[in-house]
Amino acid sequence: EYGEFQTFQHYFKQINLSMQSVARVLLRSRLPLCSSSSGRLLSSEANADVGLRSKFQKFMHGDNAGSTEPTSSEAPEEGSAPIDPAVLKEKDAEIAALQEQLASESKLLTEMKDRYLRALADGENVRNRAKRELEDSKVYSIQSFAKDLLPVSDVLEKALESVKEEDRQGNATLSNLHEGVTLTYNQLHQVFKRHNLIKIEPIDEEFDPVYHEAMFQVPDPEKTPGTIFSVIQSGYILQSRSIRPAKVGVVKET
């Protein structure tokens with residue numbers, strides 16, 4: 001970006017030098033624009049500086065571009081010396097060359113300015129993308145570790161479901177073991193919640209392919225088609241990002 005800015009400054013200085021060159025040629029030659037039909041000076045020596053300055057300003061601003069008619073304040077005086085056509089032609093050619101150079105430098109300046117602005121925009125996009133990626137890396141840095149812990153949660157959940165309440169009532173050892181597994185399972189899910197890892201069980205919710213994985217479809221006239229009626233395996237989301245879709249059964253149209 002700094003290199004583009006230096007190039008932009010360089011060409012801007014070149015254009016200024018070209019404009020100064022046009023001014024020096026006009027002031028050095030003391031030849032204001034003249035009528036091609038009369039071939040005489042358009043001002044006297046007394047008002048030459050004023051007329052020259054006025055014509056140069058109009059020439060630089062484009063107000064008098066292409067005009068060769070003398071103004072009323074610059075009417076040729078009688079007795080003025082005629083201009084050598086060769087000198088006039090030489091000065092006109094020099095001014096035309098400088099004008100062409102100035103136009104070329106102006107075009108180059110526009111191109112360099114456009115490239116400079118594009119470079120600034122690209123740099124801003126890179127900074128924004130890097131900032132966004134850094135924020136995502138902080139938020140989702142535990143994603144792989146969290147996915148590795150999900151099977152542990154599944155095993156504990158299946159262990160709790162396999163022990164029936166009537167079996168625990170007559171067996172103190174089994175009841176204590178069940179209680180310990182329950183505490184472990186609850187503690188694990190408290191850690192999940194603290195790190196924004198949320199369990200989803202979408203019973204009676206509308207099927208969403210981002211968060212759900214359909215394993216089978218069953219017609220059910222009592223339920224709305226496209227809703228979930230069974231959850232085979234719970235899903236999990238981390239900061240609104242699905243890291244494991246829930247495996248579900250979906251109601252289909254009859």
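Predicted model: local features only at pLDDT ≥ 70, side-chain atom pairs only at ≥ 80, totals over all residues.
Start with the helices. Two packed helices are described by the angle between their axes and the distance between the axes. Here the pair is H4, residues 143-162, and H6, residues 172-194. Their axes come within 10 Å of each other. They cross at roughly 145 degrees. The crossing of H4 and H6 is left-handed.

Now look at the side that each helix brings to the contact. H4 supplies Leu 149, Leu 150, Val 152, Ser 153, Leu 156, Glu 157, Ala 159 and Leu 160. H6 answers with His 178, Val 181, Thr 182, Thr 184, Tyr 185, Leu 188, His 189 and Phe 192. By class, the contact of H4 with H6 holds 10 nonpolar residues, 5 polar ones and 1 charged.

Next, the backbone in the loops. Most residues other than glycine have a negative phi. Asp 204 has a positive one, near 65 degrees. Where does Asp 204 lie? Asp 204 is in the loop that links strand S1 (197-200) to strand S2 (212-219). Is Asp 204 buried or exposed? Its relative accessibility is 52%, and exposed means over 50%, so Asp 204 counts as exposed.

Ser 240 is the other stop. Phi of Ser 240 is positive, near 70 degrees, and this residue is not glycine. Ser 240 sits in the loop between strand S4 (235-238) and strand S5 (241-244). Its relative accessible area is 56%. That value is over the 50% cut-off, so Ser 240 is exposed.

Methods: Residues numbered from 1 in each chain as written. Heavy atoms only, no water. Axes fitted to C-alpha atoms, helices over the stretch in contact; angles between N-to-C directions. Helix = DSSP H or I, 4+ residues; strand = E, 2+ residues; numbered from the N terminus. Left-handed = near helix turned anticlockwise from the far one by under 90°. Contact = heavy atoms within 4.5 Å. Nonpolar A, V, L, I, M, F, W, Y, C, P; charged D, E, K, R; others polar. Buried < 20%, exposed > 50% of the residue type's maximum accessible area, 1.4 Å probe, protein only.
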